[in-house]
Amino acid sequence: MKLSSYFSMVSFLQKLVLVLGCIALAVACNKSDFVPNGGSNEKLNGSVKLYDDLGNPIISNGMTVSLQGTSYSTVTDSSGKYSFKNLPFGTYTLVFTKQGFGTYKLDTFRFADNFSDTPVLAPEKILGAMATTSISNLSITIDTLADTIKIISTVQPPANADTARGIRLFFGSTQAVSATAYNSFSGLYKAKQATGSARFSYADFYSLGYRTGDSVYVKSYGESLVPNDYIDISTGKSVFPNVNNNTVAAVGFVLP
């Protein structure tokens with residue numbers, strides 16, 4: 001082989017090795033475990049907006065945000081912002097607590113590398129104070145002509161056209177029904193006078209699994225207009241941390 005051909009072949013092989021090396025480096029840099037900031041910890045930012053139980057915005061400072069099962073904890077500033085620094089990547093349950101507010105949980109938030117120099121952002125949460133509305137009386141009337149059931153709750157302090165108050169109902173098969181032990185529940189509805197009423201058809205209860213002749217018990221609670229409810233993933237049931245436990249006994253009826 002001529003020397004010129006030999007050196008041409010060496011040059012070609014060197015270039016080939018260089019190209020293959022660059023390709024390998026590019027592939028390695030695109031692996032999912034590559035951390036651009038050089039570590040396994042980053043910054044997690046988030047924010048809250050706080051309201052009183054009647055739906056009026058208030059200053060959003062002083063809410064503690066902690067990571068369940070860890071020692072990580074921080075507090076929101078006057079604009080409702082919070083931040084965790086040097087937080088290991090992983091899946092966390094964020095717990096939001098403040099005096100006068102029902103505890104809210106953001107379950108299984110996945111804190112993962114976003115492959116940038118900007119902090120990871122948790123979703124902004126809108127949270128309300130615990131209800132100041134209590135229930136002083138609960139009654140039920142059945143309209144057999146219209147096939148409807150009317151549930152009437154008396155609220156304290158009385159609501160009016162300018163200041164609505166929240167009510168939530170819970171349904172069960174025994175008088176022990178409560179905001180934590182229930183078969184089903186109503187949506188949040190508003191009272192705009194001393195009493196708040198909700199009307200349901202027989203079919204509404206049939207859809208919940210009740211049948212003609214079944215006993216149905218109802219318990220009424222004052223509820224925040226910003227309720228903070230969430231689903232507990234360990235039970236699959238909704239949690240209502242802002243209801244006011246100052247209420248009356250459950251009332252029952254037999255479903256026609």
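Predicted model: local features only at pLDDT ≥ 70, side-chain atom pairs only at ≥ 80, totals over all residues.
**Contacts and overall make-up**

**A sheet of 4 strands**

I then turned to an open sheet whose strands follow the order β4-β3-β6-β7 with antiparallel pairing. The edges are taken by β4 (73–75) and β7 (104–111), and because each has a single partner strand, one side of each is left without a neighbour in the sheet. Neighbouring strands here are turned against each other by 25° on average, direction ignored. For the β3–β4 pairing I found 3 bridges between β3 (residues 64–67) and β4, running antiparallel, and I noted that serine 66 has serine 73 in β4 as its bridge partner.

**Aromatic pairs**

I recorded 17 aromatic pairs in the structure. Phenylalanine 89 sits in the loop between β5 (81–88) and β6 (90–97), while phenylalanine 111 belongs to strand β7, so that the pair links distant parts of the chain, 22 residues apart. I checked the cover of both: phenylalanine 89 has 26% relative accessibility and therefore counts as partly exposed, whereas phenylalanine 111, at 1%, counts as buried.

Next I looked at tyrosine 104 and tyrosine 230, whose ring centres are 5.6 Å apart with planes at 80°, which makes the pair edge-to-face. Because tyrosine 104 lies in strand β7 and tyrosine 230 in strand β17 (residues 230–232), the pair ties together parts that are 126 residues apart in sequence. Tyrosine 104 has a relative accessible area of 9% and is buried; tyrosine 230, at 13% relative accessibility, also falls under the 20% limit and counts as buried. Both tyrosines belong to a cluster linked by ring pairs, which I wrote down as Tyr82, Phe84, Phe96, Tyr104 and Tyr230.

**A charge over a ring**

Last, I looked up the surroundings of tyrosine 182, and found lysine 237 over the face of its ring, at 4.0 Å from the ring centre.

Technical notes: Residues numbered from 1 in each chain as written. Heavy atoms only, no water. Pairing = 2+ DSSP bridges. Helix = DSSP H or I, 4+ residues; strand = E, 2+ residues; numbered from the N terminus. Axes fitted to C-alpha atoms, helices over the stretch in contact; angles between N-to-C directions. Phe/Tyr/Trp six-rings, centres within 6.5 Å; stacked < 30°, edge-to-face > 60°. Buried < 20%, exposed > 50% of the residue type's maximum accessible area, 1.4 Å probe, protein only. Lys NZ or Arg CZ within 6 Å of the ring centre and 35° of its normal.
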